[in-house]
Structure formats: C-alpha cells, structure tokens
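Morning, everyone. Please put the chain up on the screen, and I'll walk you through it.

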Amino acid sequence: MKIVIPTYKRPDGIVDVLENGWIPKSFYKNVYLCIRNTQEEIQRYQHYHGEVQIVLLDMAEDSGIPEKRDAICRVFDGEKIWMMDDDIKIVSCHVNDEKDYVIKGKELEEQSFYELINYANGLMDEMPFGVIGTGTFVKGKDIFPLGLNRWGAFSSFINLEILKYTDLAYTKVKYYEDIAAFCAVIEKGYNNFYITKWQLLIGKEKEGGNASARKASVMQQAAYDLHKLYPKHIRLVDMKDKTHDRKINLKVQPSGVPKHLKDLENNSVQLTEFMI
C-alpha cells in the first residue's frame, strides 16, 4: 500500500501529516507527496526530496482538490493507495468498559501504525474502498453511531487494482468529493469498510490547501449537488457547527446501513446496502 498526500500552497511547504510524527520514517519509501507541476510548488516542497517520493501532477490552473484526487487515481492506477488530507493525524482508540466512552491515544505507536496498514490492506482485497472515521461516539454500551466528516476532512483507502478512476465521483461535485467517491463505490455494487479502532483527528485550518475556498455558501450548494447525485445516501439537514460558526447541510447514511454500529474492538464495520 502507498500513502498519497495531495498538498497545495502550504506555508513554507510544511505538510503537517509528515511533521506530526504518526507516519513512521520506516514507511517513508511508500509515501508520495502529490503537488502541481509548477516551479513555485516544486520549490515550495523541495525540502521533502529524498525523504518521501514527489509526484508532479499536470493540472489546469483553475482546477481544485476534486480534480487533483481524480488525477492521483489515474497516476496510481493498478495500486492500493491510502489517500489522505495533508493536515490530519491518526490515533488509536478504545472503549472504556465502565463509562462507555471512547478513549483516544495521544500518539500513534509504530506498531499500531503497521497493524492498521496490514489490517486495511487485507480489507481492501474484499472491499475496494474504505475510510477511517472522524468520530466514534458511544450511545450506550457497545453502540456507536456512524459519522463521516461533513466538511471534507478525510482519509480514503482505495484499491485501484479493482476500482478505476471512472468508478469514483471525485469531479462530479465541487466539494465533498471524498463523500461523493464513497457513495459512488456503493452505487457500483461494492461494499465499503469503516474502520473504528483508529480515528482521524482533523487538522487546524491554515493558509493554503482548500480551506479558503470552503465557504458556507459554496458548501451549501455542494451539499445540494451531492444530494441530487445520491439521494439514497445523502440526507439534507439544517444544523449548525457551533465550533466554527457555520451550517452543516448534509448527513451521509448509506442505504440499508443501520444508524448504530456495534463492537468497536472488532476494528471495523462493513457498509453495504444489503445490511439490515
């Protein structure tokens, strides 16, 4: 499996996902930093040459992250990849049996990282698309509601030995492109997986990347577009994210998947429209 990281215009070319220490240096030979093929971006990220692999993508000037994810899937055709945002962090977690809440680790140990890699690699043989969730919230003993991040922070495991870039829907919506891909794979008749033993921590928004373009009005329109594409899987809601003072306009609920998942310690759940 290869870790692929799209990044763009980060201040001083600093890629948090490489700086916060959870990806072991011993795995860097399998880490690919994907940047636009411009002199500005090449110079910005040149300090990572020799540490990780640099992939240059020929992109239209007016293209964005959906087009970049699509381009990455073309480049890595025939490979298993773990595509992730450049500012996330992965930690392990477990349930406190006495109080029924999730305890997240502060740092991901190298052994746990390789356990995750091997575990996801095995799942991808049967289910070619999967994610690590941004939150697992206990609602009573051994019951956990499913939640995908509504503003786009994501990490996706994609088996491009089975799927083609044309099977994914990265360019069908302006934003929420990862959720669009998640739904597109289910529509193709495949099962997805949702890993619960590890959790994705969202990075702090900063200059560069996609944050500046992700305005409330833009995201609202993207939610409507996504709902129109996948009405079975996307439910529009009217909520407010008090932390960031913005509206939340969609909820992902794949058809047939129960609202609550069980057994966090089983590491993952299979998502299929045939589950009841």
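First, the ground rules. Residues are numbered from 1 along each chain as its sequence is written, and side-chain values use heavy atoms, with hydrogens and water left out. This is a predicted model, where local features need pLDDT of at least 70, side-chain atom pairs count only at pLDDT 80 or more, and totals for chains, interfaces and linings use all residues.

What is pLDDT? It is the predictor's confidence in each residue, from 0 to 100. The chain averages 82, and 73% of the residues score at least 70. Residues 272-276 fall below 50, and that stretch has 14 contacts in the model beyond near neighbours in sequence. A contact means heavy atoms within 4.5 Å. Where pLDDT is low, the predicted coordinates should not be read in detail.

Now the overall build. The chain has six helices and 15 strands. Both are DSSP runs, numbered from the N terminus: helices are H or I with at least four residues, strands are E with at least two. How many of the 276 residues count as buried? The share is 51%. Buried means under 20% relative accessible area, exposed means over 50%, and partly exposed is in between, using a 1.4 Å probe and protein chains only. Take the contacts between residues at least 6 apart in sequence: 73% of them join residues at least 24 apart.

Next, helix α3, residues 65-75. Eight of its 11 residues are buried, so the helix is largely enclosed by the rest of the structure. The buried ones include Ile-65, Lys-68, Asp-70 and Ile-72. What do they pack against? The partners are β1 (2-6), β2 (31-36), β3 (53-57), β4 (80-84), β9 (155-159) and α5 (177-187).

Look at Arg-69 in α3. Arg-69 counts as buried, at 3% relative accessibility. Leaving out residues up to four places away in sequence, Arg-69 touches Pro-6, Met-83, Asp-85, Tyr-170, Glu-177 and Asp-178.

That brings us to α5. This helix is mostly covered, with 10 of its 11 residues buried. Glu-177 lies in α5. Glu-177 is buried too, with a relative accessible area of 3%. Glu-177 and Pro-66 are 111 residues apart along the chain, yet their C-alpha atoms are separated by 5.7 Å. Beyond its neighbours within four places in sequence, Glu-177 is in contact with Ile-65, Pro-66, Arg-69 and Tyr-170. After α5 comes Gly-189, with a positive phi near 100 degrees.

On to strand β9, where we find Ser-156. Ser-156 sits at 0% relative accessibility, so it counts as buried. Its contacts, not counting residues up to four places away in sequence, include Trp-82, Phe-129, Tyr-170 and Asp-178. Ser-156 and Ile-3 are 153 residues apart in sequence and 9.9 Å apart in space, C-alpha to C-alpha.

Cysteines next. A disulfide is a covalent bond between the sulfur atoms of two cysteines. The rule here asks for a pair of cysteine sulfur atoms within 2.5 Å. By that rule the count is zero. Cys-73 is buried, with a relative accessible area of 1%. Cys-183 is buried as well, with a relative accessible area of 1%.

Now the backbone angles. Most residues other than glycine have a negative phi. Asp-12 has a positive phi of about 60 degrees. Asp-12 is in the loop between β1 and α1 (16-19). Tyr-176 has a positive phi too, near 60 degrees, and belongs to the loop between β9 and α5. Which of the two is buried, and which exposed? Asp-12 is exposed, at 67% relative accessibility. Tyr-176 is buried, at 4%.

Last stop: the second largest pocket. On a 1 Å grid over the protein atoms alone, a pocket is an open set of points where a 1.4 Å probe fits, with protein on both sides within 12 Å along at least five of seven lines; lining residues have an atom within 4 Å of a point. This pocket holds about 170 Å³ of space. Its lining includes Tyr-8, Arg-36, Glu-40 and Met-59.

Notes: Grid points are joined across faces, edges and corners, and a volume is the space filled by probe spheres set on the points.
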